[in-house]
Amino acid sequence: MTSPHPVRRRLAAVPAVVAMVAAGLLTAAPAHAAGEALPVVRLAKVPTLALPAAPQTAQPYFSYTTNASTLDVDDAVVTVDFGKLADIATVSFSGNCTVAGTVATCSEWLDYGQVSDGESFGSDTQMTVTALPDAQLGATGSYTVAGHSDEATIVGRTANVVVGGPALALRQPAERTGLAVGSTVAEPVRFTNKGTLPASATEVVLQASPGLDFADHYANCRYGTNGSAQAPTQVAVCRIPGPVGVGESARLATPVRLQVTSAALVTYLDVATYAPGDERYLDGVQLTPGTGKRLRLKVLEEGDTTLPAGDVSVPFTGNASNYRIATLKADNTDDFGVTGATASGGQGADTTFEFTAYSAGPATLFDRSGGEGVPLVRVTPPPGTSVVSTSANCHADAGAYLCRLDSFVVPAGATSHFSLTVHVNDAEPGAQGTVSLVYGPPGEAVYQFPYDKNSANDSAALILQ
């Protein structure tokens with residue numbers, strides 16, 4: 001699948017499950033002053049690249065890891081030897097590269113800020129590969145990346161390319177509303193191989209958001225959780241053997257059955273389909289094999305299995321995708337509230353109000369809109385005071401302040417803490433400000449969500465003694 005290639009983009013930690021690639025190539029470091037250890041920069045694993053039919057293209061994504069806490073190498077030279085691709089593809093490179101024969105020489109600025117261990121940082125070099133019109137499906141080649149610098153030791157690697165591959169395109173699962181707490185909902189999962197080669201096997205990755213539990217566990221699936229213990233996302237990775245022919249449509253023989261728990265509100269089932277060699281993004285998820293019967297496929301429309309089966313998917317085109325999300329809305333409530341505060345301060349003094357917003361549940365609010373679905377706290381200081389400072393997650397808004405909750409995932413019992421420090425100008429004892437819940441994006445935070453049925457705790461006072 002073609003990846004985006006922003007310059008020096010920082011990436012998430014290297015995925016726990018990645019495609020196998022060939023062994024790395026170490027480039028010798030130049031001499032340096034005695035006692036000075038050069039930082040080591042390693043090209044991160046590059047999955048096997050599957051080429052679609054020309055004129056479509058595919059691009060590997062080059063990124064690096066380092067043993068240095070910070071890195072600023074501006075003299076790096078990266079070479080890409082693509083001679084072993086000449087029989088199957090043409091290759092072009094980004095503007096920081098010059099090509100002589102079958103070797104590209106690329107200038108790189110390896111810039112790595114202070115980030116967490118295991119993270120990788122992006123590359124200027126972009127490589128675009130196009131299959132030759134007469135390239136045989138299933139034919140393979142490789143290319144080798146190496147590099148050198150006076151400021152770092154660069155470790156490259158050799159990666160593989162294959163002509164053709166499967167593309168297991170999912171049909172959009174059904175979206176449902178009004179699901180009763182305690183009920184079980186069944187979601188069919190159907191896909192079609194829109195690639196150029198059969199898939200040697202199928203992996204289906206399922207993620208059920210907080211409020212949904214898998215009702216079935218299969219022997220050929222592995223299960224785990226993601227997220228916090230208070231709001232876990234259930235994860236299942238199911239491997240189903242056997243080829244999926246070109247043009248074949250199939251579905252899981254048994255729909256995905258999900259139990260709707262008391263934490264369900266607006267929930268989601270994320271579904272992704274992979275060929276066995278595709279890269280998956282399941283960082284840090286510990287998976288345990290299931291037990292019981294095996295999950296199988298039911299063929300709905302047979303495809304061509306005469307070609308050699310592929311393990312890596314080609315890029316999808318148009319609206320086809322191997323990733324879909326179904327929205328499953330439960331008939332449930334989630335009671336949000338606020339607490340006020342009392343603070344003492346005479347004329348000319350500064351005083352601080354400490355207040356909170358909380359969820360009394362029973363549901364877990366899981367907002368995937370980027371914050372538009374999470375309540376905001378609107379704060380108005382007591383008259384006769386002026387604001388000195390606020391919590392970091394509060395900002396001025398039309399004569400008041402809007403404060404965001406700590407997370408877009410809010411389980412029952414979660415509490416967000418805020419503070420507002422004011423200077424007492426000419427306020428009288430007993431002057432009151434307000435804390436209230438509002439919903440919606442900043443500037444439009446006026447409406448109330450239907451799941452919060454209790455309005456009695458949606459506002460409170462800030463009282464100056």
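Does D397 count as buried or exposed? In this predicted model, D397 counts as buried, at 17% relative accessibility; the cut-off for that class is under 20%.

Next, select R378 together with D397: their side chains meet in a salt bridge, with an N to O distance of 3.1 Å. D397 belongs to strand β34 (residues 394-397) and R378 to strand β32, so that the pair links distant parts of the chain, 19 residues apart. R378 counts as partly exposed, at 26% relative accessibility.

D270 is found in strand β24 (residues 266-274), whereas R368 sits in the loop between β31 (365-366) and β32 (375-380); the two residues are 98 residues apart. D270 is buried, with a relative accessible area of 8%, and R368 is partly exposed, with 35%.

Now select R239 and E203, whose side chains meet in a salt bridge at 3.5 Å, N to O. Because R239 lies in strand β21 (residues 232-244) and E203 in strand β18 (residues 199-208), this pair ties together parts that are 36 residues apart in sequence. R239 is partly exposed, its relative accessible area being 40%, while E203 counts as buried at 7% relative accessibility.

A search of the whole structure finds 6 salt bridges.

Key: Residues numbered from 1 in each chain as written. Predicted model: local features only at pLDDT ≥ 70, side-chain atom pairs only at ≥ 80, totals over all residues. Heavy atoms only, no water. Salt bridge = Lys/Arg side-chain N within 4 Å of Asp/Glu carboxyl O. Helix = DSSP H or I, 4+ residues; strand = E, 2+ residues; numbered from the N terminus. Buried < 20%, exposed > 50% of the residue type's maximum accessible area, 1.4 Å probe, protein only.
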